[in-house]
Amino acid sequence: MTSSAPTPASAFDKARNGLWTSLQKHLETVYAAEKDFRAAVSFTTSFPFSAAQTEPEQLAGYQQQRLYLRDLFIDETNQLDSLVKAVRTKSYQEDEKKLLLLMILGYIDIADSIFVLLDTHRPSKLDKDEELEETTAKFERVKNFVRLNIKGISGLLPKL
């Protein structure tokens, strides 16, 4: 009777499992923020909306949730940028890196569908927010970088 001990997980397996767990936690946070933001803007179905025609309490609740979602977007973007850089510098095989990047891209696509609410569900007059604009540009760069690394340079060349 032989008992086989479980084989130890490779560094890549640990990274993949850790990333999966981390992304799930981040999604829970982003989904909760989306729910609260949508609840705070439930006073209208027309966007952009007129802040002047909104009750002060509703507007205050909206602004609080918008600020929370904005700050979450900034934090998530910075973390994604660091995470993608970390994946690219690890000594994993290219296919392993692509798998991790695919997982990250899935999260990015979901998060993007929520963070876009900052642009679509807003008052008609909104002060310029340079930090938000910079973060939006950075988010797009990270997303495009991940897509490019998944596809690879060879995927961009025409097939002969």
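**Ground rules.** Residues are numbered from 1 along each chain as its sequence is written, and side-chain values use heavy atoms, with hydrogens and water left out. Because the model is predicted, local features need pLDDT of at least 70 and side-chain atom pairs count only at pLDDT 80 or more, while totals for chains, interfaces and linings use all residues.

**Helix α1.** I took helices as DSSP runs (H or I, at least four residues), numbered from the N terminus. Next I looked up burial (under 20% relative accessible area, 1.4 Å probe, protein chains only). The buried residues of α1 include F12, L19, L23, H26 and E34. I find the buried residues of α1 packed against α2, α3 and α4; contact here is heavy atoms within 4.5 Å.

I noted a cis peptide bond between F47 and P48, with omega about -10°. P48 sits in the loop between α1 and α2.

**Helix α3.** The 22 residues of α3 should span 32 Å; the end C-alpha atoms are 30 Å apart, which agrees. Among its buried residues are K97, L100, I104, Y107 and F115.

**Core.** I searched for nonpolar cores (buried Ala, Val, Leu, Ile, Met, Phe, Trp, Tyr and Cys joined through side-chain atoms within 4.5 Å). The largest has 35 residues, and L69, I104 and V146 have the most contacts inside it. Each of α1, α2, α3, α4 and α5 supplies at least two residues of this core. Its largest share, ten residues, comes from α3. Leaving out residues up to four places away in sequence, I104 touches L19, L23, L80, L83, V84 and V87.

**Largest pocket.** I used a 1 Å grid over the protein atoms alone; a pocket is an open set of points where a 1.4 Å probe fits, with protein on both sides within 12 Å along at least five of seven lines, and lining residues have an atom within 4 Å of a point. The largest pocket holds about 510 Å³. Of its 25 lining residues, R66, L118, L126, D129 and L132 are closest to the centre. I count twelve nonpolar, two polar and eleven charged residues in the lining. The largest share of the lining, seven residues, comes from α2.

Note on methods:
The expected span of a helix is 1.5 Å times one less than its number of residues. Buried means under 20% relative accessible area, exposed over 50%, partly exposed in between (1.4 Å probe, protein chains only). Grid points are joined across faces, edges and corners, and a volume is the space filled by probe spheres set on the points. Ala, Val, Leu, Ile, Met, Phe, Trp, Tyr, Cys and Pro count as nonpolar, Asp, Glu, Lys and Arg as charged, and the others, Gly among them, as polar.
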